[in-house]
Every structure is written in C-alpha cells, then in structure tokens.
Amino acid sequence: MVSIREGHLDGAFNLDIWVTKFGLAQSAQHQLGLLYLSLAEIAAAKPDQQVLLNKAREMAEILQSMQLDLDTLRAALLYPWYEQGLIDQETIVKFSSESVYALVCNVSEMAAIKTLHGQGRNLSGVQVDNLRRMLMAMVEDVRAVVIKLAERVAYLRDIKNAEEEIRVLAAREISEVSAPLANRLGIGQLKWELEDISFRYLHPVIYKKIAKLLDQKRLERESYIEKFVGTLSDEFNKLSIKAQVYGRPKHIYSIWKKMDKKQLSFDELYDVRAIRVVVDQLQDCYAALGSIHSLWHHVPSEFDDYVANPKPNGYQSIHTIVVGPEGRTIEIQIRTEQMHNDAEMGVAAHWRYKEGVGATKASSFEDKIEWLRKILAWQDDVKGSGNLAEEIRSQVFDDRIYVYTPSGEVIDLPNGCTPLDFAYYIHSQVGHRCIGAKINQRIVPFTYQLQTGEQVEILTSKEPNPKRDWLNPRLGYVHSARSRAKIQHFFKAQDKEKNLTAGQEILEHELSRVGLKLEDANMAVKKYNLNTVDDLIISVGCGDIKINQLINFLQLKLQPKVESEPVAFKKQRVSQVDNRSEVVVEGVGNLLTHIAKCCQPIPGDSIDGFISQGKGISVHRQDCEQLKEMLKNAPERNVEVNWGSDSTSGYSLDVTVFANDRTGLVRDITAIIANEKVSLLGMNTRTNVHTQVAVVELTIEVASQDVLTRALTKLASVEDVFEVKRR
C-alpha cells in the first residue's frame with residue numbers, strides 16, 4: 001500500500017482503510033491511493049482547493065457501493081478540479097491515463113443537461129450542439145452519467161447551509177432533470193437521494209413534518225418489523241427457500257408522493273412498514289409470494305408484478321401489501337439478487353458488458369440505453385424546429401407506453417401519443433401518407449390516445465397528404481415534438497418558394513419605411529440561428545419571425561450615432577411630467593419624457609434616461625437589457641434622470657406568475673391582488689399540459705415600489721407558486 005502523510009489529510013481519515021472499501025484488486029487500490037495523495041498535496045498547497053478534495057472524495061464514496069471500476073473512481077476524483085479549470089489533459093494523463101481523461105471529458109459534456117431545465121422551444125445553436133454532445137457522451141460511456149449524478153448528490157449535500165435561494169434553485173433543477181434521468185436509467189440508489197434532498201429544500205415544512213412522524217413511530221415500527229422478519233424467515237426455512245429478509249428504508253419523498261396522489265393521511269399509508277425479500281432464483285420469488293399470502297391476507301388492489309411486466313426503466317420486483325399481525329398493513333418487495341442490483345444501480349450494474357464480457361447480459365445493457373440512440377437518430381428531425389430539448393424531455397421524463405406493429409415489433413412512445421405519432425415514429429413518409437389507423441383491428445380516429453399492449457396498423461395513401469390541422473395542439477392529432485417537427489418540415493418545404501416571395505415583399509416594404517435596405521437584414525441572420533438571408537426571408541414569409549421585432553433589432557444595430565458635439569449641460573434640475581409620472585431630468589429642460597414599455601420602471605426603481613429620436617427621453621430601469629444594448633451603440637445619448645418628489649400616480653406593469661397547476665390557483669392569485677389594493681388591468685393564463693405548469697400573466701397598477709414588493713412577496717407565498725417576476 002501507499003504511505004500516508006497525515007498533514008495532507010484530516011485527522012479522522014485513514015487512506016488505507018478508505019481505498020479497501022471499494023473492493024478493488026491490490027494494484028488498483030494502490031493506484032487509487034496514489035491519485036488521492038497527489039490531489040491532497042495540491043489541496044494542502046492551496047487551502048482554497050480543500051473543498052474540491054472533499055467533494056472528490058465524497059463523489060467516490062457515493063459510487064462506492066456501485067462496485068464500479070478503477071477508471072470510474074479516478075475520473076470521479078479528478079472531475080471537480082477539471083470542472084473548475086484547475087487541471088488540464090496533460091495533468092490528468094500524468095495522474096491516471098488517456099481513458100480516464102476521455103471519461104472526465106464525457107462527464108463534463110453532461111453539464112448540458114441543465115439546458116433541459118425550464119427551457120422553452122427556442123434553443124440557441126450552441127445549446128443544441130451541447131445537448132447533442134451530451135447524448136453522444138452518454139451513449140459512448142454510460143459511466144459518465146453515473147459520475148455526473150454522483151456529483152449532483154454531492155452538490156446537494158454541500159449546499160445544505162447555503163442561502164435558501166441557492167438551495168431552492170438547485171433542488172428544482174435536480175428534481176426536474178437529474179432525478180428523472182437517474183430513474184430512466186434505473187439507478188434507484190442515486191434517484192432516491194436526489195429526490196429526498198431536493199424535496200427537503202423545496203418543501204422544508206412538509207419534509208420535517210413527515211420526518212417527525214416517522215421518528216415518533218420509529219421504535220414501535222422497528223420492533224414490529226423485527227418480529228415480522230423473524231416469523232417470515234422461519235417460514236422460509238421450513239420451505240427451504242433461501243432468502244434475505246430485512247426491513248427496507250422509507251424515503252420521505254415517496255411517502256409524500258403517495259399521500260398527495262391518494263389523498264391519504266400518514267396513518268392511512270399502507271407501506272410505512274416495509275420489508276424486502278431477496279432470493280436466489282426467479283422461481284423462488286413466486287414461492288416466497290405464495291408463502292407470504294398463505295400466512296397473511298393481502299390487499300388485491302395493491303399487488304403489482306413487475307417481474308412479469310417490468311417498468312420502462314427495466315425495474316423488476318413483486319410488490320404486495322398484506323394485513324399482518326395486529327391488523328397492521330405492511331408492504332413486501334420480492335426480488336432476486338440480480339433484480340436488486342439492477343434496481344439500485346441500473347445501467348451502472350451492466351457497464352462492463354459493453355466490452356463484451358458476459359454476453360448473456362449484453363442485451364440488458366443495450367435495452368437500457370436504446371432510447372439514447374433513438375434520440376441521436378432523431379436529432380436531425382427536430383433540430384430545425386428547435387424542439388430537441390422538448391424531445392429529450394419527453395424521452396427522459398414522460399411516462400412511456402409500448403405498442404406493437406402488425407409484425408410484432410415493439411415501439412416505445414411517450415405517454416399520450418396518437419396513431420399519427422406512431423406513424424411518424426415508423427417513418428416520415430408513413431406519417432405523411434397516413435389516412436387512417438386500426439387498433440387491434442378496429443378503426444379509430446387520429447386523436448385516439450394509444451395504450452400499452454395495443455397493436456397499431458397504419459392505413460396509407462399513395463401520395464403524401466398531411467393536413468395543417470395536425471399541427472393545432474387543441475385538436476390533439478399529434479403529441480410528440482418529433483411528429484410536429486416532421487409535419488412542419490413538410491409544409492416549409494412545400495411553401496418555400498411562396499414564403500420566399502412573400503417574405504421578400506414584406507421585408508423590403510418595412511425596411512424602406514425606416515430607411516434601410518434588404519442587404520441590412522444580413523445582420524439578423526445569426527441572431528435567429530439561421531444560415532442564410534434567404535432562410536430569414538422565408539421565416540418572415542411564413543410568420544416564424546415577427547417583422548416588427550426584426551425591424552426593431554436592425555434599427556437598434558444600424559441607427560447612426562450622434563456625431564454632434566455633446567450638449568453643455570447646465571447644473572439645474574428640470575421637472576418633466578408625462579401622462580403617468582413625474583421625472584426629474586438632470587440639466588436639460590423642455591424635453592418630453594415617457595416610461596419605457598420594455599422594463600416599466602416605477603418609483604423606487606433605479607432609472608436612467610435615453611434620448612430617442614422624435615420621442616424625447618425614454619425612462620428605463622438601470623438593469624434594462626434593451627437600455628444596455630442601446631447605450632453600446634450610442635453612449636452619448638445617456639442622460640441622468642431621477643424620480644420627482646410628487647410621483648403619486650399609478651404605474652402599470654406586467655408580472656408573470658409560474659406555478660404548478662391546480663384548481664383554485666387563479667382565485668388565490670386574484671385574491672392577493674384585491675387584498676393588497678392593487679388594480680388588476682388585465683390577465684392571461686395558459687397551462688403546459690405536459691409539465692402541468694401554469695403561467696399567469698398579470699397587468700397591474702401600483703403606486704410605488706413598496707406596494708409592488710409587498711404584492712410580489714404575497715404572490716410568491718401562494719401554494720404551488722414557485723416563481724414570480726416582473727417584466
């Protein structure tokens with residue numbers, strides 16, 4: 001073994017004992033220890049990097065029980081330094097090997113997964129490329145996903161004492177992206193911790209309440225389970241069934257989820273008391289089940305056989321709930337050792353079969369990451385419409401259904417898909433030529449939602465003939481982003497010449513109106529992530545790009561700077577009053593002022609003025625992005641403005657509320673507005689049916705910054721509201 005210099009480590013840490021925990025060969029233990037010592041020396045020389053050493057060690061310990069290889073553990077130790085840009089390829093290869101460097105790079109590519117959090121349909125070209133590289137990294141070496149998930153667990157643990165805003169933002173992203181990814185890959189061991197810690201940060205009151213209830217009943221529950229395990233073990237011994245029987249941990253997030261879904265109180269839950277039975281062979285699962293049901297009555301509605309019908313992520317186990325001694329319900333999970341390893345580690349349990357070792361397991365590994373390869377194959381279909389993130393989200397986070405072709409091939413689709421979605425998943429031309437569909441030999445409408453186990457047959461015509469109505473989300477013809485992208489591509493190709501002519505006519509007319517030329521439109525090509533000016537013109541012609549937004553952008557970029565000498569400002573304060581406010585302009589008199597609509601400042605906001613042609617001075621918040629852009633082009637037009645002392649008028653502005661959709665949400669929001677004596681000028685609501693996130697857009701009138709702050713605080717405290725922001 002390697003020697004240890006305690007000066008580089010904390011007093012309670014023993015490197016020899018630590019490396020032996022990973023179950024590696026002696027030579028591998030030696031290499032892991034040497035790498036740790038090298039990193040410890042760096043941290044000792046630079047105390048500010050001690051936090052990186054602690055994180056690296058914690059990531060390796062999180063991966064410990066997953067029985068991963070030396071390269072994975074070395075990559076986990078090195079990644080925090082690489083992530084911060086403190087070590088490069090040369091250093092990593094010196095400390096380990098080229099293969100470890102490649103794995104570290106793959107983990108780094110996984111950072112693009114953040115793009116999936118809260119993104120709409122409009123991804124930049126860079127974001128799409130990052131997502132694509134992430135997917136390729138996942139397919140190339142799935143260990144990168146496991147390391148990244150371990151890093152997320154370590155990060156959640158590390159921020160437990162951070163500011164609430166940091167904890168909430170991290171928890172929201174991880175609960176919406178990383179935890180579902182761990183679930184999709186079947187890595188239950190990391191999934192549960194990601195979910196539990198995120199839940200604790202997002203809903204601390206509920207978390208503590210459930211934790212307290214669990215703790216209050218812990219001794220009683222442990223005593224009950226101990227007796228139950230003894231009884232069950234004795235029964236298995238009589239029947240010569242080899243099995244490990246033990247109480248299994250309960251996760252607070254899963255308890256809350258069940259309470260919320262079934263509207264149950266804590267005392268009404270069936271599975272607060274839980275047992276796991278791990279047997280040697282598949283047939284022993286059913287032998288154990290028969291023995292359990294012969295001893296106690298089971299609850300038929302709570303029985304699930306995931307051995308015969310595995311979950312989409314490959315999870316297998318038998319779940320049953322029985323009424324045990326004293327009339328108390330207890331949940332029992334029955335599985336083999338292999339099923340247990342798969343449930344805890346998912347694809348991580350099969351990574352070694354990628355290299356061809358243990359061919360009997362190779363298909364299992366391939367099945368678990370097949371969806372990744374599908375996304376890579378589909379990326380060209382969706383990249384043009386900006387729906388790559390939406391397609392990945394549907395593949396990772398949506399529930400799945402499994403339907404059959406007439407030849408018996410299984411097709412994996414997001415829940416909610418229709419026969420048209422099925423047709424487009426088979427092939428673009430099958431979708432374009434679809435004129436009808438049969439489900440189990442029965443004709444169904446295009447809006448029919450497919451169910452797992454159904455056989456789907458598509459009826460086609462000789463010529464492609466898709467309908468524009470298929471793109472209308474309210475009509476429900478298609479559900480998936482991929483199908484919509486293919487239909488949009490068809491019509492864009494059909495209408496290309498028509499849109500080019502129409503777009504050119506519109507653009508030339510609007511450009512001439514503001515004194516610009518068609519060639520000037522070249523400046524906007526990169527802004528809209530297009531390749532040529534013709535693409536821009538076509539987008540204008542088909543309505544994808546709003547002409548007013550385009551003209552405003554070009555004016556902002558091309559408006560000439562004022563070449564005249566600066567105005568000699570006098571040291572005086574002149575009050576200028578517009579239709580809504582009184583603003584004091586430093587040094588300039590007789591100028592019209594108006595409140596900018598882009599940022600809608602109100603008294604109490606820090607403001608700046610901008611001299612606009614023919615419109616006087618526009619008053620902006622100092623943090624306004626449009627103001628910053630204008631000042632880049634014409635800094636000499638900046639003028640100092642302040643709020644006057646008699647600003648008592650009402651000020652209208654826009655506020656957007658984001659919340660988990662529920663009954664009564666709008667009522668609760670409008671009640672807050674009324675109680676705070678804020679005038680509601682307008683309201684618009686919409687809901688994303690896939691994520692169940694409601695967006696409520698409010699136009700309100702307030703008298704001051706204090707009134708606005710109080711109203712926003714009250715809105716943020718409404719149940720299920722997770723973000724409130726003003727324009």
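Trainee: Helices are DSSP runs of H or I with at least four residues, strands are DSSP runs of E with at least two, and both are numbered from the N terminus. With that settled, how many helices and strands are there in the chain?

Mentor: The chain has 26 helices and 22 strands. Please keep in mind throughout that this is a predicted model.

Trainee: And what share of the residues counts as buried?

Mentor: Of the 727 residues, 48% are buried. As for contacts, among those with a separation of 6 or more, 65% are between residues 24 or more positions apart.

Trainee: What is Trp18 in contact with, leaving aside neighbours within four places in sequence?

Mentor: Trp18 is in contact with Phe13, Leu32, Tyr36, Arg57, Ala60, Glu61 and Leu77.

Trainee: Moving on to packing, at roughly what angle do the axes of H4 and H8 cross?

Mentor: The axes of H4 (residues 70-83) and H8 (residues 143-158) cross at roughly 55° and come within 10 Å. An angle between 35 and 65 degrees counts as oblique, and H4 and H8 are therefore oblique to each other. The crossing in which H4 passes H8 is right-handed.

Trainee: Which residues make the contact?

Mentor: From H4 they are Asp71, Thr72, Ala75, Ala76, Tyr79 and Glu83, and from H8 they are Arg143, Ile147, Lys148 and Glu151. By class, this contact of H4 with H8 has 4 nonpolar, 1 polar and 5 charged residues.

Trainee: Staying with helix H4, is Arg74 buried or exposed?

Mentor: Arg74, which lies in helix H4, is buried, with a relative accessible area of 6%. Leaving aside its neighbours within four places in sequence, Arg74 is in contact with Gln31, Leu32, Leu35, Phe95, Ser96, Ser97 and Val100.

Trainee: Now H21 and H23. At what angle do they pack?

Mentor: Helix H21 (residues 496-513) packs on helix H23 (residues 547-558) at about 45°, and their axes are 11 Å apart. That angle makes H21 oblique to H23. Their crossing is right-handed.

Trainee: Which residues in H21 meet which in H23?

Mentor: In H21 they are Ile506, Leu507, Glu510 and Leu511, and they meet Ile547, Leu550, Ile551 and Leu554 in H23. The residues of this contact of H21 with H23 divide into 7 nonpolar, no polar and 1 charged.

Trainee: How many residues of helix H18 are buried?

Mentor: In H18 (residues 419-426), 7 of the 8 residues are buried, so the helix is mostly covered. The buried ones are Pro419, Leu420, Asp421, Phe422, Ala423, Tyr424 and Tyr425.

Trainee: One last topic, the backbone. What is the phi of Asn440?

Mentor: Asn440 is not a glycine, yet its phi is positive, at about 50°. Most residues other than glycine have a negative phi. Asn440 is in the loop between strand E9 (434-439) and strand E10 (442-444), and is partly exposed, with a relative accessible area of 44%.

Trainee: And what is the phi of Asp720?

Mentor: The phi of Asp720 is near 75°, again positive in a residue other than glycine. Asp720 is in the loop between helix H26 (705-716) and strand E22 (721-726). Asp720 is partly exposed, with a relative accessible area of 29%.

Definitions and conventions: Residues are numbered from 1 along each chain as its sequence is written. This is a predicted model: local features need pLDDT of at least 70, side-chain atom pairs count only at pLDDT 80 or more; totals for chains, interfaces and linings use all residues. Side-chain values use heavy atoms; hydrogens and water are left out. Axes are lines fitted to C-alpha atoms, for helices over the stretch in contact, and angles run from 0 to 180 degrees between N-to-C directions. Angles under 35 degrees count as roughly parallel, over 145 as roughly antiparallel, 65 to 115 as roughly perpendicular and the rest as oblique. A crossing is left-handed if the near helix is turned anticlockwise from the far one by less than a right angle, and right-handed if clockwise. Contact means heavy atoms within 4.5 Å. Ala, Val, Leu, Ile, Met, Phe, Trp, Tyr, Cys and Pro count as nonpolar, Asp, Glu, Lys and Arg as charged, and the others, Gly among them, as polar. Buried means under 20% relative accessible area, exposed over 50%, partly exposed in between (1.4 Å probe, protein chains only).
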